Amino acid sequence: MAYDDLRDWIKALDRAGELRRVRTEADPILEITEIADRVSKSPVPVEGRTPSSVRRSEAPQLGGSALLFENLKGYPGAQLLINQFGSARRMRLALEVDTLDEIAERIRIFMDVKSPQGFLDKVKMLPMLAEMGKFFPKTVATGPCKEVIKRDNFSLLDFPILQCWPKDGGRFITLPCVITRDPKTGKRNVGMYRMQIYDERTTGMHWQRQKVAAEHYRDYIRSAASAPNHVGTAALGCPAGRSPAASAVDIMARSSGGAMLATGDRPSGKMDVAVAIGTEPALTFSAIVPAPPDVEEFIIAGFLRQKPVELVKCETVDLEVPANAEIVLEGYVNLDELRTEGPFGDHTGFYSLEDEYPVFHVTCVTHRKDPIYATTVVGKPPQEDAWMGKAVERIFLPLMKLTIPELVDINLPIEGVFHNLMIVSIRKSYPGQARKVMNAIWSLGQAMFTKCILVVDEDVDVQDLADVTLKVLNHIDPERDIQFTMGPVDSLDHAARLANYGSKMGIDATRKWSTEGFTRPWPDEIVMDAKTRALVDGKWKSLAKELGIE
């Protein structure tokens, strides 16, 4: 059964032995981060065993426990949840599966559906159509998030919002579901963008340039700039003879895609935004998935939990929010207002630099009675976000295969912080295919940020980094097999020559064919013969005991 809300999920974590309640006083300023960071890097028991019973040869699983802080300095009676997704097991619990491959298989089955050819085929599709009906969100009259409604006399500082790292620009909301609406289609997007607290009623809105909400923001700017009755800083309207498309191109060029305030005339106006904090786990996870822009994350959450997400209308903006959220912030961003945001200790292990971002003005706060504040910490891996990223890797591989059918498997190593390194195995069928795959990956949504792509043959286990290292470094001629390209890079990439624009590298570590210009013999890999292996297998139990390597 799907979790009804965050509180239901907390109870499930408790029952599973995955939750620790922290009653020692802890300060949201830095101290909780230090505690959570230590816990996220501590071993967790192998299911059914204590750490001391695990063999020395088994790598410890990291992630510690989910933490519910119940004694927050300066916030009497408040509770704070952190590290809820911080292990492989907790990610499976969050999505209610035994393995993440179960979800990948469900996605694959839906993608394999063919158009019905006759009446019998249509009848066979009815159960699947009925199941698909569970995915779509439904609007309800009210919900727990409306237990307390504050249009006045509210302050963001009433919540135990963290300052995570010493050089952070201030406190940041780090686990929000930020809801916006596409002005062209009306479809909603749910994204996760950090929010720096400026004061009691305003925050930064760090939607990176290539994110969907940032595109909604740009579309509002384009529309305002192209409108015949355009109102802006100079109130000039579109110059005579200029088409709406030309006006849109002009404002994007002068504002660098909304990243800076355009000099001269620029459009004004507002864009509605709502923020849900403390949702059930499938929806929180859905806010980070690389979904196509036309697919609402509310539908993805419904697919994951096999039950619709219930929504309620906001009080002051034209948006819907999760009915069971712990906290909801309603407000807007101005189209002609940016403010310095950052620095922020990020998942790269370094501080992301100051930059200009829109300002979120809060117009209303609603919340449950005694709301639980859900948050996270990012920093040097592994942290909680590492396990969320690995879940994305497993679940969305079938979607990547839809576009790149030769893919066998992928690995986004945690230490590569997901956008710095992707290891890909392919079923190679023609010369130059590895390079085709690199370019295909760089054209796929958020995968465009991948700084380094390693492509290997299908006989290499990309999940085994030792095997990958051995094969890649043995199989490449660096000058021949490494290629560079220019394009968009992650906003957090501090090494790029320009913000959001830089170079990327692809390495073709597949076996080279004569039709790719390689004519030398290729050596066999060293493998013991089956007869000898079987002989030693028969003796190994006693040998291992004798050698002390059980």
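Close-up 1. Helices (H or I, at least four residues) and strands (E, at least two) are DSSP runs, numbered from the N terminus. This is a predicted model, where local features need pLDDT of at least 70 and side-chain atom pairs count only at pLDDT 80 or more, while totals for chains, interfaces and linings use all residues. Residues are numbered from 1 along each chain as its sequence is written, and side-chain values use heavy atoms, with hydrogens and water left out.

**Close-up 2. What the largest cavity is made of.** Its volume is about 90 Å³. A cavity here is a set of points, on a 1 Å grid over the protein atoms alone, where a 1.4 Å probe fits but cannot get out; lining residues have an atom within 4 Å of a point. Points are joined across faces, edges and corners, and the volume is the space filled by probe spheres set on them. β14 supplies the largest share of the lining, three residues. By class, the lining splits into nine nonpolar, two polar and two charged (Ala, Val, Leu, Ile, Met, Phe, Trp, Tyr, Cys and Pro are nonpolar; Asp, Glu, Lys and Arg charged; the others, Gly among them, polar).

**Close-up 3. The second largest cavity.** This one comes in at about 50 Å³. Its lining includes Trp-207, Arg-209, Tyr-217, Arg-218 and Pro-358, and α6 gives the most, three residues.

Methods
1 Å grid on protein atoms, 1.4 Å probe; cavity = no way out; pocket = protein on both sides within 12 Å on 5 of 7 lines; lining within 4 Å.
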